Amino acid sequence: MLTEFHIGIDDTDSTLGGCTTYTATLLFQELVSKGFKPLDFPWLVRLNPNVPWKTRGNGALSLHFSIGEEQLEEVKKIAIASVERTTDLAQQATDPAVVFFTGRVSNPLREFSARALHDILSVREARQIAESVDAEVHLLKGSRGLVGALASVGADFDHDHTFEIIAYRTSETIGTTRRVSLDSVRQMDTLFRGLTFNNVDPETGRALICPHGPDPVLLGIRGEDPTSVTRALNKLEIDEPIERIMIFKTNQGTDAHLSCQRRIGALRPYQSTTVTGIVNNVPRIVRGGHVIFRIHDATGSVDCAAYHTTGSLRETSLQLFPEDSVTVSGGIRPRPSGELTLNVEKLEVTSLVDKIRLENPPCTNCGTRCESMGRGQGFRCRKCKARFPRNSRVEKVEHRRIRVGVYLPPPRAHRHLTKPASRNGIRRPTPFGTNNSSMDEILESLASISIAS
Ligand code: ATP
């Protein structure tokens, strides 16, 4: 009898090399080549980007197959061998974990996964959940990877999802400069605007599809559907061999980590969150050019930091004024003093107060602006010498340089999960197992990828 079989993998990489997406790709391709039927594209599930011990983008991977019960043991063996083959266990920060789950994904697993997007979860809790839902756990070294591996199986694309096509390098080229024509990336970006996102940073013109480290990823194109990302990849001029290609279904570009709204009094270190509050003070600029403003709600107050790298978001933050209403999203960082700071990833200005400045009065005889005669002394016209009392200053409503609206950093400063402005209003829901691509479509999409380089 056929059954749903889910494999979660995390933490097979380190800053010195490797990539969990590569492990998942090898395994997916091996299983398909052996005749096992996928239920979906491999999932690239981004988790809480504010976890302090992540290697890069806190990604975990899961594979979903329909498998005969008598073949489960064979598939498990292949999966573990694949993870062992692609992991450098000598790296200190690498704690690979593999999770096997048979049958329909249950609610406790989904809830755990949802919380892994915006909280810090313990390995202890992950073990308890795994035990309660009867998930099989394989740890190759330490246990930290279990959180991500388990969360990737329970991921939920009910509200939104996107795709990423990733091309991998051959072992000889890893560590060298990536040979992808920048002009071709810009042209591709123009051709596939609306269907792909974050290919190029519009302010600097920099290509954002290539990482920079010693990992096997040559490039990744993010977009709305498998066909668009494949066609976009085929438009690129690539001057190095490609070892293999895979398409992932993912929560990237969906803001999934910011869906948890919290009161200020409930904030804890390393959460990803959204807070609604009122601005306390005039923002200030600190060393490094970062802008700090404080907000409050009925439960407390917190400093919000708009970093220099956030560009226009920082500029907008600087224009805030006491009593403005805002909704701020981002990561919570502890300061050495124990106080918390909300590092701003997205700012929504919901209402702006009138900014009132008191000006010296104009002379009622000749219209000239009066000068002050000294502290508490009233005003005097410089031209006709008329005098005016000290309460004669006039209120002037200052022009606010910002408007009500949502402000994001430039794409080069985005998290993988940040929903780019180009996806505004787009939402692609797919409850697992109901509206997914059929297996034939998936295999067809993957087989149709051929690179003209
Ligand atoms: P890459 O993006 O290159 O795959 P990474 O940034 O995903 O690397 P990992 O090496 O996977 O980094 O390390 C992240 C670690 O954090 C994993 O061990 C994962 O289990 C754990 N983790 C992920 N989310 C949470 C969370 N919400 N709470 C606690 N631990 C988490």
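**Domains, ligand shell and strand pairing in a predicted model**

The C-alpha centres of domain 1 and domain 3 lie 71 Å apart. The chain is assigned domain 1 (2–156), domain 2 (258–352) and domain 3 (355–398), with bounds that come from an automatic or database domain assignment. This is a predicted model, in which local features need pLDDT of at least 70 and side-chain atom pairs count only at pLDDT 80 or more, while totals for chains, interfaces and linings use all residues. Residues are numbered from 1 along each chain as its sequence is written, and side-chain values use heavy atoms, with hydrogens and water left out.

An oxygen atom of the ligand is 2.7 Å from an N or O atom in the side chain of Asp11, and an oxygen atom of the ligand is 2.6 Å from a polar backbone atom of Arg56. A nitrogen atom of the ligand is 2.9 Å from a polar backbone atom of Leu121. The protein covers 97% of the 640 Å² of accessible area that the ligand has on its own, as given by the Shrake-Rupley method with a 1.4 Å probe.

The structure also holds five aromatic pairs, among them Phe28 and Phe65, which are tilted, at 5.6 Å centre to centre and 55 degrees between the planes. Rings of Phe, Tyr and Trp (its six-membered ring) pair if their centres lie within 6.5 Å, and planes under 30 degrees apart count as stacked, over 60 as edge-to-face and the rest as tilted. Because Phe28 lies in helix 1 (residues 20–33) and Phe65 in strand 4 (residues 59–68), the pair ties together parts that are 37 residues apart in sequence.

Strand 16 (residues 340–351) pairs with strand 14 (residues 300–306) in the parallel sense over three bridges, with Asp303 and Thr341 as bridge partners; two strands pair if DSSP finds at least two bridges between them. Strand 15 (residues 325–334) runs antiparallel to strand 16 and is joined to it by 10 bridges, with Ser325 opposite Ser351. Strand 15 and strand 16 form a hairpin with five residues between them, and Gly338 in the turn has a positive phi of about 95 degrees. Strand 16 also pairs with strand 22 (residues 405–407), antiparallel and over three bridges, where Val349 stands opposite Gly405.

Further strands form an open sheet of three, in the order 18-19-20, with antiparallel pairing. Strand 18 (371–372) and strand 20 (387–388) each have a single partner strand and stand at the edges, so one side of each is left without a neighbour in the sheet. Strand 19 (residues 379–380) pairs with strand 20 over two bridges, and Arg380 has Arg387 as its bridge partner.

Note on methods. Helix = DSSP H or I, 4+ residues; strand = E, 2+ residues; numbered from the N terminus. Polar contact = N/O pair within 3.5 Å; in protein donor to acceptor, adjacent residues only side chain to side chain.
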